[in-house]
Amino acid sequence: MEWLDFTEKSSYNAAECAIHLNRYFTAKQYVAGKRVLDVACGEGYGSKLLKSWGAESVVGVDISESALQVANSKFAEEGITFLHHSAEELPFESNSFDVVVSFETIEHLEHPEKFLEEISRVVKFNGTVLISCPNDSYYEKNEQDYSNPFHKRQYTWFEFKEIAEKFLGAGEAWYFGFALRGVSTIPAEATREPETDGLPSSMTELLNYSTPEYAALLQAERYLNHWNAGYYLGVWGPESSKLGQGGVFYPDEIFTPVDDSMREEMLRWKKEYNQELADRNIEVEKLRQRYQESLAEREKKILELEQNLAQAKLEMEEKISVQAQKHGDLLQEKQNGIAELEKQAAKEAQRYENLLEEKQAEIIELEKQVAKGKTALHTSQVERERTSNLLKVAETEKQYLWNRIRGFETAIRQRDERIFEQDEILRSKAVKLVFLFWKIRNKISKIFGRK
């Protein structure tokens with residue numbers, strides 16, 4: 001059964017529930033507190049289980065709109081998101097999820113490489129990846145008229161392992177899925193009576209599983225390996241070996257006889273595989289032989305080309321030698337001319353050096369004269385500044401004296417008539433003042449005469 005039908009159209013099927021629950025059960029110990037992506041989630045019961053096992057959040061992706069309608073109606077809750085999208089183009093940023101699970105998906109895809117590339121892209125570094133694939137060849141060999149129109153390709157374990165490890169790296173752990181047979185001890189309260197209890201009617205009974213308190217795994221009475229496994233499961237991540245051994249079972253009332261014909265069938269498959277491998281090796285040997293013949297032919301052509309190249313190289317070297325001799329003579333003439341030019345250039349350079357030394361001596365002398373001129377100019381400037389200051393002082397004194405003289409002249413004119421009438425002593429003083437005035441005037445005249 002490709003998917004579980006949770007509508008009223010389908011009744012409960014313990015075998016199918018066990019098959020589907022067991023695949024998700026392998027992820028239980030990896031998801032607690034993690035962000036989980038469920039690729040090809042189908043009806044969403046697996047996403048519901050992952051969240052119930054402690055996942056922080058679960059995102060379920062599927063390409064079937066009808067399946068997502070069931071998922072949203074029956075299993076949607078806080079922390080679970082369902083998206084309609086292709087498994088070959090996931091709508092998430094790189095390094096988005098701690099755990100990525102995808103069970104029984106790869107066989108449905110046209111482009112499984114893109115699917116694996118996307119899973120490798122969206123899982124975080126050191127995250128965990130769980131991918132399973134059905135062993136269609138087992139069912140095909142054991143069920144008459146077996147066919148599955150939903151599967152695009154059938155994978156052997158070798159093929160599944162090769163393509164998965166190409167994109168996800170070497171699988172840290174590989175597991176095979178088998179049916180269980182044995183004996184279980186069931187509490188009386190877990191059994192059902194026709195008079196009081198009804199049988200499970202819906203696939204949702206899958207969610208009402210119980211976990212046994214003890215179990216033991218025995219070796220089977222026949223060979224069990226990848227040839228007759230129901231499915232293959234690869235786990236990538238640092239805790240890949242954490243899965244160990246386990247399973248999901250339901251009680252059965254009888255044992256069926258052990259069919260040992262599987263051993264002969266397995267030996268026949270192995271013989272067919274070895275024959276196919278031998279045929280492939282023969283074909284490879286033929287290809288290798290053709291390649292060696294082709295390689296020998298190429299080596300022969302390469303040898304001929306090398307000989308032709310050596311001959312052409314010899315002829316070219318002869319031509320180069322003749323041209324080199326001609327160029328050598330011409331080069332000697334040019335070298336002689338260059339030597340003569342170098343001599344003339346040396347003489348001219350010596351003349352310019354002598355002239356430069358003379359000019360440098362003249363420049364030094366001029367610099368000395370300029371320095372002396374600067375010193376004299378500075379002294380002259382200082383003297384001129386001092387003289388200018390003295391002139392300013394003299395001009396001030398001159399102005400003061402002229403003001404006093406004008407005052408004296410005015411007083412003299414006003415008192416001329418009275419002076420002659422005054423006492424002899426006053427006249428003497430006036431005369432003395434006049435003499436003083438003329439003395440001062442003569443002194444001022446001398447000062448301005450020096451200017």
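**Salt bridges in a predicted model**

Let's start with E110, which is exposed, with a relative accessible area of 55%. Here, exposed stands for over 50% relative accessible area, buried for under 20%, and partly exposed for values in between, using a 1.4 Å probe and protein chains only.

Before going on, note that this is a predicted model, where local features need pLDDT of at least 70 and side-chain atom pairs count only at pLDDT 80 or more, while totals for chains, interfaces and linings use all residues. Residues are numbered from 1 along each chain as its sequence is written, and side-chain values use heavy atoms, leaving out hydrogens and water.

Back to E110: its side chain meets that of K152 in a salt bridge, at 3.6 Å from N to O. This pair links distant parts of the chain, 42 residues apart: E110 lies in the loop between β4 (97-103) and α4 (112-122), and K152 in the loop between α5 (136-142) and α6 (157-168). K152 is partly exposed, at 49% relative accessible area. A salt bridge here means a side-chain nitrogen of Lys or Arg within 4 Å of a carboxyl oxygen of Asp or Glu, and the structure holds 9 of them. The helices (H or I, at least four residues) and strands (E, at least two) are DSSP runs, numbered from the N terminus.

Now find helix α7, residues 261-421, where E348 and R351 sit 3 residues apart, so about one helical turn separates them. Their side chains form a salt bridge at 2.5 Å, N to O. E348 is partly exposed at 32%, and R351 is partly exposed at 43%.

Helix α7 also holds E383 and R386, 3 residues apart and so separated by about one helical turn. Their closest N and O atoms are 2.4 Å apart in a salt bridge.
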